[in-house]
Amino acid sequence: MNIVVGVTGGIAAYKAVNVIRGLVLAGHDVHVVATDAALRFVGKPTLEAISRNIVHTDLYEGVAEVRHVAIGQAADLIVIAPATANTIAKLATGLADDLLGNTVLASRAPVVIAPAMHTEMWQHPATVHNIGVLRSRGVTVVGPAVGQLTGADSGPGRLEEPDEIVRAALAVLEPKDLVGRRILVSAGGTREALDPVRYLGNRSSGKQGLALALAAVARGAEVTLVGANLEVQTPASMRVVHVGSTLELAAAVQAAAPDVDVVIMAAAVADYRPESVAEAKIKKEIAGDRLTLELVKNPDILAGLAETRAPGQIIVGFAAETEQDREALLALGRAKIARKGSDLLVLNRVGWTEGFGTDGNTVVVLDRRGDIVMEASGSKQTVADRILDAVVARFA
Ligand code: C5P
């Protein structure tokens, strides 16, 4: 395959060398388009030696061969690693003021970007918006990882590991293994109303569920996302049903489930809800020094789906546990999958700082016998793809 690797000007540009090397070693013809800023961080001779091709930078070189469109037209895949906030903004707007911008616009090949920047820049509303625009346009976003940044600080914004970028980029070229499959994903956390202004809730952001839904779309599936109080934007590439409480989530999931091949229950669902919801705001002047809430059990949606499913339907449950010991965690997972009757159970550890709302995740996937079928660690996108690999393996 002809792969264009765009290298842009962040300190992580030196790691692009390993991305290029990985793609070359996988047997691909790699053409590097580097921005001027990238060449301040990594030398052209290095990029040329590793890619085994001439590195292109200047929009006004090779004009006779119409290079600003030729490179993009010939590409089967474009990988931009690292992608700076600046390049991401330019791609989102469709700017073509350098060779890389022209190359992307002139190409119809899939585009994969691996962002790298400081956490503040990654989380800036402008970047968040631009990434949303690119995703809705079908761009695959790999990472960023969470970890040590250039300075003393650490957080989301670190370039994903080069091997992972190579894997994710080549996965884009792979046949779409979920074409013709319908997948229902629940995501987010339910909220149980106490009165018109208060609720009992949990810290699930919906990021892992959305990553699963997006990955399934990228692999060709038709996706319905039932989102409970999502803190993330949803793209136009899937049907989204927004819900609030567990009973609403149950109704939405049960309505959609009979028509799908796979149900993935990634939502954090409240096990209990207040027995009654106060008509008006609960007043401390009336409740006094102590307030007792009477809770009743919610239906177990996952167990219900597993019990009533059509033959062949694959059901995936999640288990978020605070247990620290690995063996004890696995034992909890094995007991849970036996209780729930799902085909797979994605087990992860959560805590005050782990799991919820973060950009990374570490999971173990169990099957019904309690065997470990997969373990993955990395960005929620990476983990989503690995979970889908485990689902696809079950179809086979
Ligand atoms: O029992 P626990 O809440 O740990 O189970 C987690 C799994 O079960 C998740 O997949 C979650 O979406 C699902 N669940 C459910 N209905 C509930 C509680 C959890 O479907 N009432």
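Visitor: How far does a backbone N or O atom of Phe-318 lie from an oxygen atom of the ligand?

Guide: This is a predicted model, and the value is computed from its atoms. A polar contact is a pair of N or O atoms within 3.5 Å. The backbone atom of Phe-318 and the ligand oxygen are apart by 2.8 Å.

Visitor: What percentage of the ligand's accessible area does the protein cover?

Guide: On its own, the ligand has 450 Å² of accessible area. The part of this area that the protein covers is 89%.

Visitor: Which elements give two or more residues to the shell around the ligand?

Guide: The shell consists of 13 residues, with Met-265, Ala-267, Leu-302, Phe-318 and Lys-336 the closest. By class, eight of the shell residues are nonpolar, one is polar and four are charged. The space that the ligand takes is the largest pocket. The elements that give two or more residues are α12 (301-308), β16 (314-321) and α13 (326-340).

Visitor: Where does Pro-144 lie?

Guide: The peptide bond from Gly-143 to Pro-144 is also cis, with omega near 5°. Pro-144 lies in the loop between β5 (140-141) and β6 (145-148).

Visitor: What value is phi of Arg-52 near?

Guide: Most residues other than glycine have a negative phi. Arg-52 lies in the loop between α2 (44-51) and α3 (67-74). Its phi is positive, although Arg-52 is not a glycine, and the value is near 65°.

Visitor: What radius of gyration does the protein chain have?

Guide: The chain contains 14 helices and 19 strands. Its C-alpha atoms fill a box of roughly 80 × 55 × 40 Å along the principal axes. A compact globule of 396 residues would have a radius of gyration near 21 Å, and the chain agrees with this, at 23 Å.

Note on methods:
Residues are numbered from 1 along each chain as its sequence is written. This is a predicted model: local features need pLDDT of at least 70, side-chain atom pairs count only at pLDDT 80 or more; totals for chains, interfaces and linings use all residues. Side-chain values use heavy atoms; hydrogens and water are left out. A residue is near a molecule or strand if one of its heavy atoms lies within 4 Å of it. A polar contact is a pair of N or O atoms within 3.5 Å; within protein, one must be able to donate a hydrogen and the other to accept it, and residues adjacent in sequence count only if both atoms are side-chain atoms. Accessible areas come from the Shrake-Rupley method with a 1.4 Å probe; for residues, only the protein chains shown count as cover. On a 1 Å grid over the protein atoms alone, a cavity is a set of points where a 1.4 Å probe fits but cannot get out, and a pocket is an open set with protein on both sides within 12 Å along at least five of seven lines; lining residues have an atom within 4 Å of a point. A molecule sits in a cavity or pocket if more than half of its atoms lie within 2 Å of its grid points. Helices (H or I, at least four residues) and strands (E, at least two) are DSSP runs, numbered from the N terminus. Ala, Val, Leu, Ile, Met, Phe, Trp, Tyr, Cys and Pro count as nonpolar, Asp, Glu, Lys and Arg as charged, and the others, Gly among them, as polar. The radius of gyration is taken over C-alpha atoms; the globule rule is 2.2 Å times the number of residues to the power 0.38.
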